[in-house]
Amino acid sequence: MATRLDLSTLSLQDALDLAALIEEEAYKRYTLFATQLGRGGGGAGSFFASMAENEKKHGDQLSARRKAMFGDEPARVSLDDLFDVEAPEVGAPRRSMSLLQAYELAKSSEQKAYDFYDQALPSITDQEVRTLFVELRDEETEHVRMIEDAIAKLPPNANVELDFDIDESPAL
């Protein structure tokens, strides 16, 4: 997880833009995974598609909040200012990955986002930005808990990697 921004200089507008971009990056990555693995059948690809929907919904909420507060003021941060804050590693999915492995990957991504917000807090000087980052960090804690609860409900065979014929399956 990396950002090229000096977090101590973020305004509340910048922080909202950054948070929305973090969700956008995760949305795009989960969408890529869902496309690579296939969205049907209730497997890892389906799970990644649902994660993409969740990330998009959270990003849309942050964007609406930003628009309500700052209107059409142009953003001063972009996706180029961050990398893999919440998004899973590009090469992480495998066609044979089990559903449990997909959940664990998402859980580690949510934990990575929590770590970003938590580690950023000491350098944040603006009180409104600090408050937002605490809120976002705490939401990531809730996301981790939700995934842990979902993992606990998985069937016993959820840890079984899928068999597939390499000649019949598209490459990732």
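Guide: Start with the aromatics: ring pairs link Tyr30, Phe33, Phe47, Phe48 and Tyr103 into a cluster. Keep in mind that this is a predicted model, in which local features need pLDDT of at least 70, side-chain atom pairs count only at pLDDT 80 or more, and totals for chains, interfaces and linings use all residues. Residues are numbered from 1 along each chain as its sequence is written, and side-chain values use heavy atoms, with hydrogens and water left out.

Visitor: How many aromatic pairs does the structure hold?
Guide: Eight. Helices here are DSSP runs of H or I with at least four residues, strands are E runs of at least two, and both are numbered from the N terminus.

Visitor: What makes the rings of phenylalanine 33 and phenylalanine 48 a pair, and why is it called edge-to-face?
Guide: Rings of Phe, Tyr and Trp (its six-membered ring) pair if their centres lie within 6.5 Å; planes under 30 degrees apart are stacked, over 60 edge-to-face, and the rest tilted. For phenylalanine 33 and phenylalanine 48 the centres are 5.2 Å apart and the planes at 65°, so the pair is edge-to-face. Phenylalanine 33 belongs to helix α1 and phenylalanine 48 to helix α2 (residues 44-70), so this pair ties together parts 15 residues apart in sequence.

Visitor: Why is phenylalanine 48 counted as buried?
Guide: Buried means under 20% relative accessible area, exposed over 50%, and partly exposed in between (1.4 Å probe, protein chains only). Phenylalanine 48 has 0% relative accessibility, so it counts as buried. Tyrosine 30 is buried too, with a relative accessible area of 0%.

Visitor: And histidine 58, buried or exposed?
Guide: Buried, because its relative accessible area is 10%. Histidine 58 is in helix α2, and it touches Glu23, Leu136, Glu139 and His143, not counting residues up to four places away in sequence. Contact means heavy atoms within 4.5 Å.

Visitor: What about glutamate 128, buried or exposed?
Guide: Exposed, because its relative accessible area is 52%. Glutamate 128 is found in helix α4.

Visitor: Which residues lie nearest the centre of the largest pocket?
Guide: Met51, Asn54, His143, Met146 and Ile147, out of 15 lining residues. The elements giving two or more residues to that lining are α2, α3 (99-120) and α4, and α2 gives the most, with eight residues.

Visitor: How do you know how far to trust the chain, and where is confidence lowest?
Guide: pLDDT is the predictor's confidence in each residue, from 0 to 100. The chain averages 83, and 88% of the residues score at least 70. Confidence is lowest in strand β1 (residues 2-3), at a mean of 56, and highest in helix α4 (residues 127-152), at 91. Over residues 165-172 pLDDT stays under 50. Where pLDDT is low, the predicted coordinates should not be read in detail.

Notes. On a 1 Å grid over the protein atoms alone, a cavity is a set of points where a 1.4 Å probe fits but cannot get out, and a pocket is an open set with protein on both sides within 12 Å along at least five of seven lines; lining residues have an atom within 4 Å of a point.
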